[in-house]
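Here's a quick tour of a protein fold, meant for reading with the structure open beside you. Have a look at it, then work through the notes below.

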Amino acid sequence: MTTQQVTDADFQATLDAADRPVLLDVWAPWCGPCKMVGPAVERLAAKQPGRFQIAMANMEAFEQLAAKLDIKTTPTLVLFKDGQEVARRSGAMMESQIAQWLNQHL
């Protein structure tokens, strides 16, 4: 499983170097639902290694790109394929809901 912490400065390089879809998880330390979604995403990635890589972005260190990507709430999951956004989901989700959403778009 590949999980990488990203910031405004290195997110584009992460997308450019990706050899598989990138799931961006935008979270905040004060966000309760984020503490549920992040670990659920990591468990899903561990169950299917190589299917996608995770980029974790603390909203407080991701402000410019969050604005550019029009991310207004946490948690927000954004799926990128070949550097392009293909799907987005915001709010608290159970692991099964995230899995279903990923299955629709991967």
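Two strands count as paired if DSSP finds at least two bridges between them. Helices (H or I, at least four residues) and strands (E, at least two) are DSSP runs, numbered from the N terminus. With that in hand, strand 2 (residues 22–27) and strand 3 (residues 53–58) run parallel, joined by six bridges.

A word on the background: this is a predicted model, where local features need pLDDT of at least 70 and side-chain atom pairs count only at pLDDT 80 or more, while totals for chains, interfaces and linings use all residues. Residues are numbered from 1 along each chain as its sequence is written, and side-chain values use heavy atoms, leaving out hydrogens and water.

- Five strands make up an open sheet with mixed pairing, in the order 1-3-2-4-5.
- Strand 1 (3–6) and strand 5 (84–90) are the edge strands, each pairing on one side only.
- From one strand to the next, the twist averages 25° (axes are lines fitted to C-alpha atoms, for helices over the stretch in contact, and angles run from 0 to 180 degrees between N-to-C directions).
- Strand 1 pairs with strand 3 in the parallel sense, over four bridges, and Q4 sits opposite A55 in strand 3.

**Around strand 2**

- Is strand 2 mostly covered or mostly open? It's mostly covered, with five of its six residues buried (buried means under 20% relative accessible area, exposed over 50%, partly exposed in between, using a 1.4 Å probe and protein chains only).
- On the strand 3 side, V22 stands opposite Q53.
- To get from strand 2 to strand 3, the chain passes through helix 2 (residues 34–47), and this β-α-β crossover is right-handed. That label applies if, with the strands pointing away from the viewer, the path from the first strand over the helix to the second runs clockwise.
- Strand 2 also pairs with strand 4 (residues 76–81), this time antiparallel, through five bridges.
- Along that pairing, L24 has V78 as its bridge partner, and V26 stands opposite T76.

- Six bridges pair strand 4 with strand 5 in the antiparallel sense, and T76 stands opposite S90 in strand 5.
- These two strands form a hairpin with two residues between them, and D82 in the turn has a positive phi of about 50°.

**The disulfide**

- Which cysteines form a disulfide? They are C31 and C34, with sulfur atoms 2.4 Å apart (the rule is a pair of cysteine sulfur atoms within 2.5 Å).
- By that rule, the count comes to one disulfide.
- The angle about the S-S bond is 85°, and the link of C31 and C34 is right-handed.
- Both C31 and C34 are buried.

**Two loop residues to look up**

- P75 lies in the loop between helix 3 (63–68) and strand 4. P75 counts as buried because its relative accessible area is 1%.
- P75 and P33 are 42 residues apart along the chain, yet their C-alpha atoms are separated by 6.8 Å.
- Beyond its neighbours within four places in sequence, P75 is in contact (heavy atoms within 4.5 Å) with residues including C31, P33 and C34.
- W30 is in the loop between strand 2 and helix 2. W30 counts as exposed because its relative accessibility is 61%.
- Not counting residues up to four places away in sequence, W30 touches E60 and T74.

**The cores**

- In soluble globular proteins, nonpolar side chains tend to be buried together.
- A nonpolar core here is a set of buried Ala, Val, Leu, Ile, Met, Phe, Trp, Tyr and Cys residues joined through side-chain atoms within 4.5 Å.
- The largest one has 19 residues, and F11, L24, F62, I71 and F80 touch the most other members.
- Helix 1 (11–17), strand 2, strand 3, helix 3 and strand 4 each give two or more residues to this core, and strand 2 gives the most, with three.
- Apart from it lies another core, of 16 residues, among them A40, V41, I54 and M93.
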